Amino acid sequence: MISSGKDKAFDGLLIFLVALLSILCLLPMIYLIAVSLSSSAAVISRSVFLLPVETNFGAYEAVFSDKGIVNSMIFTVWLTILCAACSMLITIFAAYPLTKRKLKGRNFFLVMIVITMYFSGGLIPEYLLVKNIGLTDKVAALVLPYMLSAFNLIVLKSFFSGIPESFEESAFLDGASHITILFKIILPLSKAAIATLTLFYAVGRWNGFQDALVFISKPNLYPLQLKLYMLVYNNQMSEVAIVEGSSSAAIPSENLKAAAVMLATIPIVLVYPFLQRHFISGVTIGAIKG
Amino acid sequence: MHDSLVTSTPDSRLIRSTKGKKRIQYLKNNWMLYLLLLTPFAYFVIFKYAPMYGVLIAFKDYNIFEGVWASEWNNFETFIEIFSMPDFWNAFRNTFVLNTLDLVVGFPAPIILAIILGELKIMWFKRATQTILYLPHFLSWVIIGSIALQLLAPESGLVNIVLNKIGISSIPFLNDKYLWVGTYVVLGLWQSIGWNTIIYLAAISGINPELYEAAEMDGAGRLSRIWHITLPGIRPTIVILLILAVGRMSQIGFDRPYVLSNYFVTETADVISTFVYRLGIQNFQYSIATAVGLFQSVIGLVFLLVTNYIADRLGEQGIW
């Protein structure tokens, strides 16, 4: 080709641009790691850039010795698993019957779901409902109100619909019930979709902030994001500091905040690359069918 | 009476009984499907439709002890009140300004990035950078906000330390009401640019490769191939996503503006979602806050319908 030199320069430019953007994506996190591993004296003297200065794990030790933060982490891990399991189960329960075209009432239910994608009561009526049915300051307030995502439901329904009906028919003729078919045939064929949606639900709960801010006022039920917000923005260290509101309570240093933020980020960074392959197909199905 | 006469003829009774049998047979075959639907149905009724009923308090003087139904209607006084609140219009304006900037900056950026990624030839490099670029999407706004604070703080932030080193005085990225708007938009772009390329990349990979080969034969350069093949190829995707984005213009998330904003920037940072939270949850003005939320929902619905209608008229495939 005549333009091969020009072509190479063009390729080089593209690689440079993408590399630059990727570095910009990573730099903030690298800086955060550097701060969390530096001594607080080094942070205060403004000498930390992208590598830790006077490397030590003191900040992480301090985070792990704060009972409030540790409890919140354990609670959030537990809550995330509970939420992802409940959400996934109810999504499966809803998605499977809706793939049956002849099911009476199917269209009614579909319309009922789609309406909620475009219109909602809004924050205050939702809050009043949670309050009126006595869920405020209960774990259930963090599980139930946003348990089922209409978007995820439509994605899973599309996925189930893509499974050839002949698989089910032979089982049905053998006398298998719908629930047997769902668990023995449909679910094993849908592992990728279920893994993706479980990840979405889990990440949603792990990152969830507003519902906790609105529904929860007891510090021992603070999920990690709310705990982190209190720590970073309100300089609140532990439950003791919150209850007493005393000025003598230790103000968290910058490297301690960085360590806490890192600890909240690590689980996501660890889980995500394994599921990347799956969620791309999940997002694409959602975009086409939803 | 006429009805009973008809049903009493033996013929029709026969039909009824087979109908009844059919119904029993249908239920025998399908009751499990309805059983499965029971919890999702209850979920939607309780957590989605009950709050929609609760919206009625926007039209009433809501008394928490009397409940939604028994509270007195107030002849749209709530709406008259919110329309006379300067803070409401401020939040309304900020919502549209921030969303417009997000759209202008954040909508074309992933398209450009997706086209660039699509042109990359070294596969491992493409895959590795994609992994990195998608990552910020999975970080919460509390985490991003905390990182932003560490990076951008006037005294201790890395960016300002570097600026000071090269002789520029500190820039208050998060504490100046106008600079804050820029910071908000850039952080949004940082979080979403990679993730939003996914759908475009899927569309690009769906374009027939023979088109590119034919164009190359005809002597078309890289840029003209992008312009004449890639862009028209992803045009339907762009239109649908644009409709959805414009349709969401009046909706704004809560976490991002709430976490990033602070006392100094309320004038440009207070948006509908944070306004509703402050009014309703912190100040217990339930009726007024609900009315603001409802107003936003209705505007959102109108936006969605209008943009879809326009797209339809222009001959593009809408979202329905």
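This report describes helices, aromatic contacts and cavities in a predicted model.

## Chain A overall

Chain A contains 15 helices and 0 strands. Of its 290 residues, 50% count as buried. Contacts between residues at least 6 apart in sequence were also sorted by separation: in chain A, 67% of them join residues at least 24 apart.

## Helix α8 of chain A

Helix α8 of chain A covers residues 150-161.

The buried residues of α8(A) are A150(A), N152(A), L153(A), I154(A), V155(A), L156(A), K157(A), S158(A) and F160(A). An α-helix has 3.6 residues a turn, so residues three or four places apart point the same way.

## T230 of chain B

T230(B) is placed in helix α13 of chain B, which runs over residues 222-247. Its relative accessibility is 2%, and because buried means under 20%, T230(B) counts as buried.

Which residues does T230(B) contact, leaving aside its neighbours within four places in sequence? The contacts are with I115(B), I204(B), I207(B), Y212(B) and R225(B).

## Aromatic pairs

A pair of aromatic rings is described by the distance of the centres and the angle of the planes. Over all chains, the count comes to 38 aromatic pairs. One of the pairs is formed by Y43(B) and F44(B), with 5.5 Å from centre to centre and 75° between the planes, an edge-to-face arrangement. Y43(B) is buried at a relative accessible area of 3%, and F44(B) is buried at 1%.

The rings of F59(B) and F79(B) form a tilted pair, because their planes are at 40° with the centres 5.4 Å apart. F59(B) lies in the loop between α2 (10-54) and β1 (60-61) of chain B, while F79(B) belongs to helix α4 (residues 77-83) of chain B, so the pair ties together parts that are 20 residues apart in sequence. F59(B) counts as partly exposed, with 22% relative accessibility, whereas F79(B) is buried, with a relative accessible area of 11%. Both rings belong to a cluster linked by ring pairs, made up of F59(B), F76(B), F79(B), F83(B), F88(B), W89(B), F92(B), F96(B), F275(B), F295(B) and F303(B).

## Charges over rings

Chain B also has charged side chains placed over aromatic rings. K60(B) lies over the face of W73(B), at 4.4 Å from the ring centre. For R256(B), the charged end sits over the ring of Y184(B), 3.8 Å from the centre of that ring.

## Cavities

Rolling a probe the size of a water molecule over the atoms shows where empty space is left. How many cavities of 30 Å³ or more does a search of the whole structure find? The search finds 4. The largest cavity holds about 40 Å³ of space.

Residues from chains A and B line the largest cavity: E126(A), L129(A), V130(A), P145(A) and Y146(A), together with F47(B) and P51(B). The elements giving two or more residues to this lining are α6 (123-132) of chain A and α2 of chain B. Of these, α6(A) gives the most to the lining, with 3 residues.

Key:
Residues numbered from 1 in each chain as written. Chains lettered and ligands numbered in written order. Predicted model: local features only at pLDDT ≥ 70, side-chain atom pairs only at ≥ 80, totals over all residues. Heavy atoms only, no water. Helix = DSSP H or I, 4+ residues; strand = E, 2+ residues; numbered from the N terminus. Expected span 1.5 Å × (residues − 1). Buried < 20%, exposed > 50% of the residue type's maximum accessible area, 1.4 Å probe, protein only. Contact = heavy atoms within 4.5 Å. Phe/Tyr/Trp six-rings, centres within 6.5 Å; stacked < 30°, edge-to-face > 60°. Lys NZ or Arg CZ within 6 Å of the ring centre and 35° of its normal. 1 Å grid on protein atoms, 1.4 Å probe; cavity = no way out; pocket = protein on both sides within 12 Å on 5 of 7 lines; lining within 4 Å. Points joined across faces, edges and corners; volume = space filled by probe spheres on them.
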